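User: I have a structure open and I am new to it. Can we go through it piece by piece?

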Amino acid sequence: MPKDASGPPRSLLVLGGTSAIGLATARRLIARGARLMHLAGRPSPALEKAGEELAALGAEVRTVAFDALDPESHQASLAPVFAAGDVDLVLLAFGIAGDQARDESRPLDAVRVAQTNYTGAVGAGLLCGAALQEQGHGTLVVLSSAAGVRARRADFIYGSSKAGLDAFAQGLGDALYGTGVRVMVVRPGTVLAPGTPRGDARLTTSPGEVAAAIELGLRRGSETVWVPGGLRLVMSAVRGLPRPLFRRLTV
């Protein structure tokens, strides 16, 4: 049965169960009443620890074996999650930054970045979108990046993978429009670890700030969320820069 999308989610599937942003979002949603958490990722002590920490906050936590680099296994991994009951929110939070300098000289490493950030997300995103549509409600939140707006020399491998993901997520949102399911694309700037010097506040953010923006976007029914919000104007200007000037950017 369709559900009122304006209410807080009660059940959450995090694809990328050890993601700092994914876990920060889960903590915020538990505080708002979410009680069932599916953490999907490669089996590891880190995944188990993340589950224990969320369980200590009052949620029922189930870990799910999931490998973004093995799309053929996604159906077997994710189908049981949806078969066990409705999922209100899917957060697609997995991804890797890679190492631009290294990956340029090691093409297979560059391919791994693309396969994780784009190919793996396409397979998982389509499966989850179809499952949400079948149950008649739900939101798919896709962690894109401001880096995908226009790939820079300094990180064009990562940026191009996020550009593909962003375009895919927007298209999937259009395909699901009117079905009771929506897609929200989140475009953070550079996400800093705790204690890292902040630098330009227009371009940088933290996992906690992204989580807060996701929560606000859910309440507002947003389709696109920029974090920080001022990044939208910055990237709009960057998108329009002549290419010779763009090449000189170091931020």
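User: Is Phe66 buried or exposed?

Analyst: Phe66 is buried, with a relative accessible area of 4%. Buried means under 20% relative accessible area, exposed over 50%, and partly exposed in between, with a 1.4 Å probe and protein chains only. This is a predicted model, where local features need pLDDT of at least 70, side-chain atom pairs count only at pLDDT 80 or more, and totals for chains, interfaces and linings use all residues. Residues are numbered from 1 along each chain as its sequence is written, and side-chain values use heavy atoms, with hydrogens and water left out.

User: How many aromatic pairs are there?

Analyst: The structure holds 1 aromatic pair. Phe66 and Phe94 form that pair, which is tilted, at 5.6 Å centre to centre and 45 degrees between the planes. Rings of Phe, Tyr and Trp (its six-membered ring) pair if their centres lie within 6.5 Å; planes under 30 degrees apart count as stacked, over 60 as edge-to-face and the rest as tilted.

User: Where do Phe66 and Phe94 lie?

Analyst: Phe66 lies in the loop between strand 3 (60–65) and helix 3 (74–83), and Phe94 in the loop between strand 4 (89–92) and helix 4 (100–105), so the pair ties together parts that are 28 residues apart in sequence. Helices (H or I, at least four residues) and strands (E, at least two) are DSSP runs, numbered from the N terminus. Phe94 counts as buried too, at 9% relative accessibility.

User: What lies over the face of Phe246?

Analyst: Arg150 does, at 4.0 Å from the ring centre. A charge sits over a ring if NZ of Lys or CZ of Arg is within 6 Å of the ring centre and within 35 degrees of the ring normal.

User: Pockets next. How much space lies in the largest pocket?

Analyst: About 1200 Å³. On a 1 Å grid over the protein atoms alone, a pocket is an open set of points with protein on both sides within 12 Å along at least five of seven lines, whereas a cavity is a set where a 1.4 Å probe fits but cannot get out; lining residues have an atom within 4 Å of a point. Grid points are joined across faces, edges and corners, and the volume is the space filled by probe spheres set on the points.

User: Which residues lie nearest the centre of the largest pocket?

Analyst: Gly95, Ile96, Ala97, Tyr158 and Lys162, out of 48 lining residues. The lining of the largest pocket divides into 25 nonpolar, 14 polar and 9 charged residues. Ala, Val, Leu, Ile, Met, Phe, Trp, Tyr, Cys and Pro count as nonpolar, Asp, Glu, Lys and Arg as charged, and the others, Gly among them, as polar.

User: Which element gives the most to that lining?

Analyst: Helix 8 does, with 4 residues. Among the other elements that supply at least two residues are helix 1 (20–31), strand 2 (36–41) and helix 5 (107–135).

User: And how much space lies in the second largest pocket?

Analyst: About 240 Å³. The second largest pocket is lined by 13 residues, and Gln170, Gly173, Asp174, Val183 and Glu223 lie nearest its centre. Helix 6 and strand 6 (181–188) are the elements that give two or more residues to this lining, and the largest share, 5 residues, comes from strand 6. The lining divides into 5 nonpolar, 4 polar and 4 charged residues.

User: Changing topic: which residues in helix 2 are buried?

Analyst: In helix 2 (residues 45–55), Leu47, Ala50, Gly51 and Leu54 are buried. They cover an arc of only 100 degrees around the axis, which puts them on the same side of helix 2. The arc is that of the directions from the helix axis to the C-beta atoms. Pro45, Lys49 and Glu52, on the other side of helix 2, are exposed.

User: Which peptide bond is cis?

Analyst: The peptide bond from Val227 to Pro228 is cis, with omega near -5 degrees. Pro228 sits in the loop between strand 9 (224–227) and helix 8. Most peptide bonds are trans.

User: Where is Arg152 found?

Analyst: Arg152 is in the loop between strand 5 (138–143) and helix 6, and is partly exposed, with a relative accessible area of 22%. Arg152 and Leu249 are 97 residues apart along the chain, and their C-alpha atoms are separated by 7.8 Å.

User: How far apart in space are Met235 and Gly138?

Analyst: They are 29 Å apart, C-alpha to C-alpha, and 97 residues apart in sequence. Met235 lies in helix 8 and counts as buried, at 9% relative accessibility.
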